[in-house]
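Me: I have a model to go through. Could you take me through its loops, helix packing and cores?

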Amino acid sequence: MEYWFSEFHTENVKLSVKVDRHLYSNETDLGRVDIFDSQEFGRILAVDGYIIFTEQDEFIYDEMLAHVPLAVHPDPKKILVFGSGDGGVVEEILKYPQVERIDLVEVNEGVMEACREFFPETSACLEDPRVTTYTENALRFIRHIEGEYDIIIVDSAGFYGPGESLLTREFYGSCYKALKEDGIMVNQHQSPFYETDRIETQKAHKRIYENFPICKVYQAHIPTYPSGYWLFGFASKKYHPVNDLKVREWKNLGIQTDYYTTNLHKGSFALPAYVERMLQKVENDDIPIL
């Protein structure tokens, strides 16, 4: 008998992956965590029926969240990460010798526990002495911090449940205040293709655009995410994501990557016409965002 895990991207579209084993399942007030084993994508982490990452393609997401801001900021020492309880983004950040401290805030402790058991190669980085972990709501954590971080990375699983606060004016205003004078924030921005995801993308972009003088969007192609096409947001008080890219300095670090390159970095900010129009509508207040 064959077993398949299916994630509905819309009411009419779903992605199905043949799985060999259902390795883990746990349900708490913060949602249900499942881990599956598959031939095509290796182990799969799902929360509330949504794929968070797979062993086969997680490197794309993690590298594009981590290296884009770190290749732009000239001296990133202190970094705040929301989410990423699996350790994937943190693992990439730790490749930079100048980084002195990473504060990781993961509201779902169940995700961290499951990843320690079933993804030990990635989650082991959370034991690095430069990493401090907090189990707390993102907005509650950042609300009273000012001028402390060089970079903030918002690696949210989505904008539902505990992630709803990540679509508020208060959250992004608090991120702005928590950054130093030349700070950078990046976040996962959902997919622009399906309507429900597109609305969340517009809401997040609007909130960020309202708070930061420099606000750009970039892209990556991730096979197991809805439509296989994903957006990220880059927001900064000072640095432009392309004009201020430190190409020579980044290459001199000798960091090994499987997706990110400085050429790809530049190209990822060249968006399709329909995505540009979608973003411009909220920037021009053509679409009301409550």
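Reply: S227 is located in the loop that links strand 12 and strand 13; helices (H or I, at least four residues) and strands (E, at least two) are DSSP runs, numbered from the N terminus. This is a predicted model, in which local features need pLDDT of at least 70, side-chain atom pairs count only at pLDDT 80 or more, and totals for chains, interfaces and linings use all residues. Residues are numbered from 1 along each chain as its sequence is written, and side-chain values use heavy atoms, with hydrogens and water left out.

Me: What is the phi of S227?

Reply: S227 has a positive phi of about 70°, although it is not a glycine. Most residues other than glycine have a negative phi.

Me: Changing topic: at what angle do helix 6 and helix 7 pack?

Reply: Helix 6 (residues 169-178) and helix 7 pack at about 40°, with their axes 9 Å apart. Axes are lines fitted to C-alpha atoms, for helices over the stretch in contact, and angles run from 0 to 180 degrees between N-to-C directions. The two helices, helix 6 and helix 7, are therefore oblique to each other; angles under 35 degrees count as roughly parallel, over 145 as roughly antiparallel, 65 to 115 as roughly perpendicular and the rest as oblique.

Me: Which residues make the contact?

Reply: Helix 6 contributes R169, Y172, G173 and Y176, while helix 7 contributes A204, R207, I208, E210 and N211. Contact means heavy atoms within 4.5 Å.

Me: How about helix 7 with helix 10?

Reply: Helix 7 (residues 195-211) and helix 10 (residues 273-283) pack at an angle of about 50°, with axes 9 Å apart. That contact involves R198, T201, Q202, H205, K206 and Y209 of helix 7, together with M278, L279, V282 and E283 of helix 10.

Me: Back to helix 6. Which of its residues are buried?

Reply: In helix 6, the buried residues are F171, Y172, G173, S174, C175 and A178. They pack against strand 7, helix 5 (138-142), strand 10, strand 11 and helix 7.

Me: What does A178 touch?

Reply: Leaving aside neighbours within four places in sequence, A178 is in contact with I142, I145, E146, G147, E148, Y149 and I152. The C-alpha atoms of A178 and G147 are separated by 4.7 Å, although the two residues are 31 residues apart along the chain. A178 has 0% relative accessibility and counts as buried.

Me: Finally, which residues touch the most other members in the largest nonpolar core?

Reply: I93 and F232 do, in a core of 41 residues. A nonpolar core is a set of buried Ala, Val, Leu, Ile, Met, Phe, Trp, Tyr and Cys residues joined through side-chain atoms within 4.5 Å. The largest share of this core, 7 residues, comes from helix 1. A second, separate core of 24 residues includes I142, A178, I208 and A235.

Me: And what does I93 touch?

Reply: Not counting residues up to four places away in sequence, I93 touches A66, L70, I79, V81, V99, I102 and I153.

Notes: Buried < 20%, exposed > 50% of the residue type's maximum accessible area, 1.4 Å probe, protein only.
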